[in-house]
Structures are given as C-alpha cells and as structure tokens.
Amino acid sequence: MSRLAKFDVVSIEDLETSDIERVFALADSFAAQLAQGDQITTAAGLIMATLFYEPSTRTRLSFESSMHRLGGAVISSADMHASSAAKGESLADTVRVVSGYADLIVLRHPHDGAARVAAEYAPCPVLNAGDGSREHPTQTLCDLYILRKKKGHLKGLTVALCGDLKFGRTVHSLIYALARFGANIVAVPTSGMDVPDYVLKRLAAERNYSFSTVTMDELKSLAGGLDALYLTPSAPHQMALFTGDGALRNFPAAEPPAALDAFYVTRLQKERMSGKEAGPAQYVRFDARALRTSRTQEAVVMHPLPRLGELAYELDADPRAVYFEQAAAGVPVRMALIALLMEKAAAASVGPRPMAEAIRFKAEPPPRCSNLNCVTRFEGAYLAPRFTLGRSMDATVLALKCGLCERELMIEYVGHARSHRYYHFDENLQGYVRQWIEEGSLAVFDSVKQAEEAGYEPYRRGPQREIMNEEEVVGAIESLADQVIADVPDISAVSIVGVVSHGAMLALRLRGLIGSKTKVLPPCAALDAYKPADALHPIDGAENFNVEDRTIILVDDVINSGWTVQRAMATIWQRGRPAAVKLAVLIDRGHRAVPIRPNYVGKNIPTSRGERVQVRLAAAGTESKSHDRVMIYSIVELRKEPEAAH
Ligand code: CP
C-alpha cells in the first residue's frame, strides 16, 4: 500500500499550473540545499520503483539520484527484458505487483499510451518517463525550469522547435506547456517530421492555440540572415550547407518575431521508425555561428539529449548552450516532483482522475486503433481498445479518438445495433450517432463488407435483380483459374489466400480447379482482415501456411472500396516477404476508394457508387439448396429524413 496519494503524471497536462510553479519553487530550494551539501530526509522511508522498458541515461539516473538525495530508496530491474516481461507478463500485472513493493513507479515504455495503462492499473502513483512517441512530461519540467531561469519568464518568449517533431515525445509535452505559459512557438520540422495532427488538435481544442511551421530556409530569414543552420545529409561524408537567405513565405504572423529566445533541437528518433521507413535525407545541424545574428544573440540552445550530429561540440563552450544544464536540472526538478506528490498525499487532495467514458460498441470485432505503436496492439486481450468521439474536419467520416494514444481513427460506416442497419456516415448522422452511443447501440465498420459480414443490412435497399446466374458464376471462377494458370509460370510456387468469407469460399474452389487442370494443388488459407490475432490460417487441412517467397493469389468476391483488400495485403506482408501478391476478384465494379487494380477478373460489372453487388455462393459439401448467383441493388442513403433511422 503506497504512502502517497494516487496522483499520476502521464501527461504534462496532468499538472495544474500551480503544481508546476510549486515544482519550480521546490526545485530552487532543493538545488540550494544540494549546493550546500545538506542532508535531506524529505522522502525517508519511501521507495521508488523504476521500470524502464527502453534505454535511458538522464531520466532513469536522475530519478534514482533524486530519490536517494531525498533520503528514500530505489528498487529497479536493471533490464526489463530480464524481468518477467520477458516471459510475457502484461504491463498491467507488472505494475500491480510492483505497487506492492514501492510507493511510486517511474515508467518508460516504447508503446504510445503505456503510461496511461500503468496509471490505471497501479494503485500507487505512476510518473511517465516517456511513452513511445507520445509524451515525456518530466523532461518538460526540466526544460521549462531552465528556460525560465535563463529568461526570467516564459510568457511571450519565442521558441523555435527544430528537428524530429513527429516522434520527439519531449517536444509534444513541451508544446502543450509552452502554449499554457503563453510562449510563441515556431515549428521547424525536418522534412516529413511535422508535429502530428493529434497534438495540433488537442492544442486547438484545449488551449485555443496554434503556431507557425516554417522551413529551415524561412527560419534563416526569421533569424535575420542566419547562415549557420545546416541541413546535413543523413548518410555520412556528404555534408551540405544551406546558406540561402530564402524569402519568408509561410510565416503567418504580420511581423516576424523581433528575436528568437530559444532553439529547442531534437535528434532523429530512429528507434520509432519502422524498418521500411526511410529517414529524412537531411537533418538540422547547429554550430556556434547560429547565435551570431542580431535576432539570435540572446537565444539559448536547448536539447533534451542524447544528441547525435545536430549540435556541434564547439557550441558546448558557449554559455547560451544550456543542454547540460537541462540534464543537470533533472535531479532538483525530479526531487521537487516527488516532494509535490508527498505534499498532495499530506493534503489528501487528490484521487484518481476520472477518465472520459469510452464508447461501448456493438458488433464484433470492435474497432482497432489505427496507430501501429498504440499499446492496445501489444498488450493482449485484457486491454480492449477504447475510444471517445474525435474531431474530424471531414464531414463524411466519424472520428474516434483512442483513449490511450490519442490518435484518431476515421470511420466510414456506422450501424445501429437494434435495427441492424448500416449507413455511410455523413454529418446528418452526427446527432443520431451521439444518441446511439448513449444507448449503447453504435456499431462501426471499416467497410460495407465488414458490416455485411456482421449481419447488417444497408439502411434502405432498392429493388434487387440477379445479374449473374449459377452458370455464369461457375464460368467466371473457371476463367479466373485459367487466367492464373496462363499468367504464373510455376504453379508449384503459388499459394492461394481467400478473404473471409466469400473470398475464402472462392479460394477453395479456385484451388480445386487449378489442381484439376495442372495436377498441382496450391496451399490455401483464409484471411480475416479484421481479426487482430490468427488473421491468416490454412483451410486446406495443412498445419501451417507460409507466404515467404511464394506467389500469393489473394482472392475476394468483389471490391467495393478496396480497403479490405488493402488491409489483407498488409497482413500478408506482415507475415513475410512473398515473391509477389496478385489479386483475383470475381466481380470488378470499376471504381474504388483506394488505387488497387485486380490482376485477374471473373467479370467486369460497371456500377454506380449507390449500387451494391452481392455475391452468393453455394456452400461446398452441404445439402444446402442455395446456389451461386450475383445480385445488384441500390442503397438509398439517409439524407434529410433521419426520423426513419430506427
Ligand atoms: N532526455 C532523455 O529522456 O534522456 P534519456 O533517454 O537518457 O533518459
């Protein structure tokens, strides 16, 4: 049982302005006591656990030093990969167990939203020491503390944020804090490394704040003819110096700032980029000349460290280079934060923060967070994705915000669980969707296919007519088999994957035809593009299904939007590296939302967007009287008559 009140710092926004002011005052006091060599016993008897699932020098050691300096004790796992996490223990279980051994937990984790999960499950306070690319609030406390010390205030300062603003978690927390304290931000992202939308949206919604984004050339103009900001190629030995005094084009303020007060530089967060993602061709580099112009003479250069090549070592001797002071502030500032927690416990003024209530979805599977690094994608079934309503600018999609990583998921199709009807979302439905959320009857779908697989019917359906009879369907499947055989030189290298459910039925029939025509029976699997686990499984009686180096024939009945096929292809590529993936569809409607073109087509049936093609296939090996046919009907979209919705 922790001796501290349950007060978590997952985001910098978990701290009130008065809390931050108190941390600064306490940090000043602790810094003075440390300088005098005083023995401090503020936290005597308290134990802090440090759980670092990612490498760290500053955050970990300064937190541990802080607790020792306060007279408390520290327990830790030297390497979380040598803890029971390596045996598959969940984060939720780990923090619950460790709460029994410590009064507070300091957590660093590679996944976005992990600190929020830990805070929810641990009975003791959790301090976020960096979660994925999301936030690093205690680094921001150090940054603000030093910036204010150097400048005397924060309000009205102009801070240029340079480098990787996409994955740099320290930058995200700092942006929220600078906005709160009334500083001006100029974002100078490396190409492709812009501040993410979810950060901008939160700033706009919660702080009514926005800022300018400029290129490095424009920053040089802003800085007044600055000629010492470099973009360096990421590959070594190809230094390139950009000295152009480019015209100021995009800076929306009427006047550029009179002076820059700080450059906050970050390294490229390579560890957040997937193996396939190419890094930027050039990256920002500062040297001593950066501070020589009229507009930068008073500027300090900040960096959360570690640095790579973005700050020249010659800059270190300049008193305006304050990055080592930021790192050193880690001890008094983190001592102050621990002391703040103790003050809150004494005042008994806090309890767990109420979470925004998550939407309860009907229809399986529930939506998945679109962020591949969201903690919900790694922690297993106990951690169901949770969403609240987001804020989309696009009237044709419903935005859902992940309650853990804050990324938004755009939903095209919504359904009403009682009427079992689905709708293409548009803003006319907004009020109904809110009502369905309240009554717990909202279902959401990525595609028409998913809605129909879940047993939902379109909102209103026009007359249906048969456009292919059994003979024509059988002929079209035979044509697909012939096209594959004619196109693929080596059938023994072919494996067939059918998209659940009609695509999988077709895949088995295609396999049978190819087998009888070539005497080679390709391996066959079904793929459920909306199932997180076990998405791809053999349906030909084999134990395993291998995609590596195979020519995969991906089979589906009809492409509507193309999203399902795109997702299926992504799933195949996650499984390994096939030699090729070719797409076979029974019906090509001629238009789709994503640019996917089938290689083999059973029949082209041009349709309008308001028309739906539905394939019905006889179930193989059953006594069912159903037979193959293809139907077409029109969807009557909900527009101005919403009272008929249910
Ligand atoms: N600034 C920072 O978070 O450094 P570490 O990764 O060394 O903790």
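Colleague: Which residue of strand 6 stands opposite Gly 163?

Modeller: Strands of a sheet pair through backbone hydrogen bonds, either parallel or antiparallel. Here, Pro 189 in strand 6 stands opposite Gly 163. The model is predicted, so local features need pLDDT of at least 70 and side-chain atom pairs count only at pLDDT 80 or more, while totals for chains, interfaces and linings use all residues. Residues are numbered from 1 along each chain as its sequence is written, and side-chain values use heavy atoms, with hydrogens and water left out.

Colleague: How many bridges join strand 5 to strand 6, and do the two run parallel or antiparallel?

Modeller: Strands (E, at least two residues) and helices (H or I, at least four) are DSSP runs, numbered from the N terminus. Two strands pair if DSSP finds at least two bridges between them. Strand 5 (residues 158-163) runs parallel to strand 6, with six bridges joining them.

Colleague: Why is strand 6 called largely enclosed?

Modeller: Buried means under 20% relative accessible area, exposed over 50%, and partly exposed in between (1.4 Å probe, protein chains only). In strand 6 (residues 184-189), five of the six residues are buried, so the rest of the structure largely encloses this strand.

Colleague: Is Ile 75 buried, partly exposed or exposed?

Modeller: Ile 75, placed in strand 2 (residues 73-76), has a relative accessible area of 33% and is therefore partly exposed.

Colleague: And where does Leu 203 lie?

Modeller: Leu 203 is in helix 7 (residues 197-207). Its relative accessibility is 1%, so Leu 203 counts as buried. Contact means heavy atoms within 4.5 Å. Leaving aside neighbours within four places in sequence, Leu 203 has contacts that include Tyr 176, Ala 179 and Phe 211. Ile 175 is another of these contacts; Leu 203 and Ile 175 are 28 residues apart in sequence, yet 8.4 Å apart in space from C-alpha to C-alpha.

Colleague: In what order do the three strands of the open sheet stand?

Modeller: The order is 19-27-26, with antiparallel pairing. Strand 19 (465-468) and strand 26 (611-616) are at the edges with a single partner strand each, so one side of each has no neighbour in the sheet. On average, neighbouring strands of this sheet are turned by 35° against each other, direction ignored. Strand 19 is joined to strand 27 (residues 629-634) by three bridges, and the bridge partner of Arg 465 in strand 27 is Ile 632.

Colleague: Which helix lies across strand 19 and strand 27?

Modeller: Axes are lines fitted to C-alpha atoms, for helices over the stretch in contact, and angles run from 0 to 180 degrees between N-to-C directions. Helix 13 (residues 470-487) lies across both strands, at about 35° to strand 19.
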